[in-house]
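Subject: Structure handover

Hello,

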Amino acid sequence: MPPRTLFDLETPAVVVDLDRLEENLAEMAALCARHGVRLRPHVKSHKCVPLARRQLELGAVGLSAAKVSEAAVFAAAGVDDLLVAYPVVGRDKIDALGGLSGAVATLVDDAAATDALSAGWSSSRRPLDVFVKVDVGLGRVGVPVERVESVLALARHVERSPRLRFAGLLTHAGHAYRAADPAGVEAVGVAEGCSMVDLAERLRARGLEVPAVSVGSTPTARAAVAVPGVTELRPGVYVFNDAQQVALGVVPMTRCALTVWTRVVSRPDPGRAICDAGSKTFSSDRGAHGTDGVPHGVAPDAPSLRLVGLSEEHGWLRATEGEAPAPGAHLRLVPAHACAVVNLARRLWVVQGERVVDCWSVDAAGCVQ
Ligand SMILES: Cc1ncc(COP(=O)(O)O)c(C=O)c1O
C-alpha cells in the first residue's frame, strides 16, 4: 500500500511540502521576471528531474549544475541548456562534458585549464560557452574581482581559443553565509552585483564584449538581481530554504519546504530526547561558509527543541523549555542545510499538509563526480 499520510512513512524520511515549494519557486521566478534577469537555478540543491522541469515551466532559461555527472542526469532527461558552474579539470571530466547533449557552458579561472578545454572540445559541436569565474569575496575559486587585467587577459585567452566562446563573467557570493545580520547579507548581495557590473564595464571599455554577468546565491538573490547590468541569477537552495536561511533572516521558518520526518526513540532525561535520524540523514553540514550557531535541525512545531548533535543513526534533541517528546512521538525537523540532506536521500516524499501526494526519486543523488 503506498503511504497516504505522513504517519504511513517509515522514519526517517525526507519530506517536501508542495505548497511551500511552489511558493518559493514562484517568488524567485517572479523576482527575476520583474528585473528582466534570466533565472538559471542551481540543481545541486534538489537533484530531482521533476522539480527541474517545474523550474523550467516557470520560466528558467536553463539549469546550473555543480558537477558534470550531475548535469548528465538532467541532460539525459532532455534538458538542453546546462551550465556546469564548476572548474572542469582533467581529461575524463572534459570528455564527460563533451558527452552532454544540447547547449553546454562552463567556467574557468586558469589559462592552462582553458587550453585543455579547448583541446578537448569536439570541433563538430557548436563552440563551448566559457565564463571567467570571478571571486567577489568568498575566497574559493575565481580571479579576484579587483584584478581587472588578469580577468581581461583570461577572457581574451578564452576568446582566442579554438572551439571556445567567451560567455561572460560569473561569480557566487557564498561569503554572504558569514554575514552577521540581514543588512550584512544585503550588503554582500549589492556588492556582488555592483562589483561584477563594474568589472564588466571596465572590460567593455577596453574593447571586450561581455555577453553575460551571472551572479547568484539564495541569500544574495534579492539584492543582486536588482543591480542594473546583472543578466543572470543562479540560486539553488531557495527551492527548499533551511535553518541557515532562517538564521540569516533571508526567509521566515514558514518558507522552509524540506523537513526530515523522524521519530523519537528514547528520552534518557526529561530535557533530552533521541530521534532516529542522525548524520546519515542530515549529514554533518551546518553550512559550509560559516553561518554561526545554526543547530543541525530545528522543529517548527516545537520551537524549544533543537537538534544539537548527531551520531550516525541518532539525533540528539535538547529542549530549552519544558520536556522533550517521549519515545514514539513524530517530529518534523528543518535541517541546517537542505542540499546536503537531499544528496544523502534516495527519494523525497511530497506532501500537502499531512497527505502524501507524490514521491520523487533524487535522480542525481551522489553525483559528485
Ligand atoms: C557556483 C555556484 N552558483 C550558485 C550556487 C547557489 O547558491 P545557494 O546554494 O546559496 O542558492 C552555488 C552554491 O554553492 C554555487 O557554488
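Gly 98 is partly exposed, because 16 other C-beta atoms lie within 10 Å of its own; a residue is buried with 20 or more such atoms within 10 Å, exposed with 12 or fewer, and partly exposed in between, with C-beta atoms placed from the backbone. Gly 98 sits in helix H4. Helices (H or I, at least four residues) and strands (E, at least two) are DSSP runs, numbered from the N terminus. Setting aside neighbours within four places in sequence, Gly 98 is in contact with Gly 120, Trp 121 and Ser 122; contact means that the C-beta atoms of two residues, placed from the backbone, lie within 7 Å. Gly 98 and Trp 121 are 23 residues apart along the chain, and their C-alpha atoms are separated by 6.3 Å.

Two notes on the source. This is a predicted model, in which local features need pLDDT of at least 70 and side-chain atom pairs count only at pLDDT 80 or more, while totals for chains, interfaces and linings use all residues. Residues are numbered from 1 along each chain as its sequence is written.

Helix packing

H4 and helix H5 (residues 111-120) pack at an angle of about 50 degrees, and their axes are 10 Å apart. Axes here are lines fitted to C-alpha atoms, for helices over the stretch in contact, and angles run from 0 to 180 degrees between N-to-C directions. H4 and H5 are therefore oblique to each other; angles under 35 degrees count as roughly parallel, over 145 as roughly antiparallel, 65 to 115 as roughly perpendicular and the rest as oblique. On the H4 side, Arg 91, Ile 94, Asp 95 and Gly 98 meet Ala 116, Leu 117 and Gly 120 of H5. The residues of this contact are 3 nonpolar, 2 polar and 2 charged. For these classes, Ala, Val, Leu, Ile, Met, Phe, Trp, Tyr, Cys and Pro count as nonpolar, Asp, Glu, Lys and Arg as charged, and the others, Gly among them, as polar.

H4 (residues 91-98) also packs with helix H3 (residues 68-76), at an angle of about 15 degrees and with the axes 10 Å apart. That angle makes H3 roughly parallel to H4. Val 68, Ser 69 and Ala 72 of H3 make the contact with Lys 93, Ala 96 and Leu 97 of H4, and by class these are 4 nonpolar, 1 polar and 1 charged. H3 and H4 cross in a left-handed sense.

Val 148, Val 151, Leu 152 and Ala 155 of H6 make the contact with Leu 199, Arg 202 and Leu 203 of H7. By class, the contact of H6 with H7 has 6 nonpolar, no polar and 1 charged residues.

H7 also holds Val 190, which is partly exposed, with 16 other C-beta atoms within 10 Å. Apart from neighbours within four places in sequence, Val 190 is in contact with Ala 223 and Val 227.

Backbone

Most residues other than glycine have a negative phi, and most peptide bonds are trans. Three places are listed here with that in mind.

- Thr 11 and Pro 12 are joined by a cis peptide bond, with omega about -5 degrees. Pro 12 is in the segment before strand E1 (13-17).
- Lys 47, not a glycine, has a positive phi of about 55 degrees. Lys 47 lies in the loop between strand E2 (38-39) and helix H2 (49-57), and is buried, with 26 other C-beta atoms within 10 Å.
- Arg 163 has a positive phi near 70 degrees. Arg 163 is in the loop between H6 and strand E8 (164-170), and counts as partly exposed, with 17 C-beta neighbours inside 10 Å.

Ligand

The ligand is surrounded by 14 residues, the closest being Ala 85, His 172, Ser 217, Thr 218 and Gly 236; a residue is near a molecule or strand if its C-beta atom, placed from the backbone, lies within 6 Å of it. The shell has 4 nonpolar, 9 polar and 1 charged residues.

Regards

Notes: Left-handed = near helix turned anticlockwise from the far one by under 90°.
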